[in-house]
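I opened this notebook to keep track of what I looked up, one topic at a time. The entries follow the order in which I went through the model.

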Amino acid sequence: MSTLVLELRQGDLMVVNGAPIRFRNRARIELAAKARFLFGKQIMAPEAATTPARRIYFALQTAYIGNDEERPGGLVAARSLIAEFQEATTSASAREMLGQALGFAEADDCYQALKLTRRVMRHEEEVLGLPPLAAPRAEA
């Protein structure tokens with residue numbers, strides 16, 4: 001069995017199988033089983049979904065790390081948002097990446113879908129002149 005070792009800083013947020021975990025101190029953890037997880041800058045807060053690509057990311061994030069009731073709705077929302085984005089954009093590469101992302105999500109590989117969507121988000125940020133999103137941090 002393979003394991004994944006992650007090093008997280010104080011205040012980092014991680015979501016594992018739908019459960020948010022905030023680290024009070026620096027930690028090194030080992031995931032010894034398959035889990036749906038995101039951490040740090042990978043996690044988008046709902047209020048940060050302010051652009052079309054960010055809304056797609058948030059929907060895919062919900063399809064990946066939401067609870068059992070939320071995940072199907074996240075995928076439905078992602079399908080719709082991706083179709084709207086693909087119709088509206090002039091970027092062939094963004095259309096292609098989002099098509100691939102949807103394919104990954106429908107094959108239950110939302111982690112790869114999120115990676116592709118982050119690339120589209122970076123492109124959108126450049127086009128719109130937006131700053132990159134900051135990682136969620138602990139409140140003091």
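Entry on exposure. I call a residue buried under 20% relative accessible area, exposed over 50% and partly exposed in between, with a 1.4 Å probe and protein chains only. The model is predicted, so I keep to its rules: local features need pLDDT of at least 70, side-chain atom pairs count only at pLDDT 80 or more, and totals for chains, interfaces and linings use all residues. Residues are numbered from 1 along each chain as its sequence is written, and side-chain values use heavy atoms, with hydrogens and water left out.

Entry on backbone angles. Most residues other than glycine have a negative phi. I looked for exceptions and noted D108, which is not a glycine and yet has a positive phi of about 60 degrees. D108 sits in the loop between α3 and α4, where helices (H or I, at least four residues) and strands (E, at least two) are DSSP runs numbered from the N terminus. With 52% relative accessibility, D108 counts as exposed. I also noted N17, again not a glycine, with a positive phi of about 50 degrees; N17 lies in the loop between β2 and β3 (19–22) and is exposed at 51% relative accessibility.

The antiparallel strands β2 and β3 are joined by four bridges, and I see L13 opposite R22 in β3.

Entry on aromatic rings. Rings of Phe, Tyr and Trp (its six-membered ring) pair if their centres lie within 6.5 Å, and planes under 30 degrees apart count as stacked, over 60 as edge-to-face and the rest as tilted. The count by this rule is three aromatic pairs. One of them is the tilted pair of F37 and Y111, at 6.4 Å centre to centre and 35 degrees between the planes. This pair links distant parts of the chain, since F37 is in strand β5 (residues 37–39) and Y111 in helix α4 (residues 110–128), 74 residues apart. F37 is buried at 11% relative accessible area, whereas Y111 is partly exposed at 26%. Ring pairs join F37, F39, Y64 and Y111 into a cluster.

Entry on T51. Which residues does T51 touch, not counting those up to four places away in sequence? I find E124, L128 and L130, with contact meaning heavy atoms within 4.5 Å. T51 is buried, at 5% relative accessible area, and its side chain makes a polar contact of 2.4 Å with the side chain of E124. A polar contact is a pair of N or O atoms within 3.5 Å; within protein, one must be able to donate a hydrogen and the other to accept it, and residues adjacent in sequence count only if both atoms are side-chain atoms.

Methods. Pairing = 2+ DSSP bridges.
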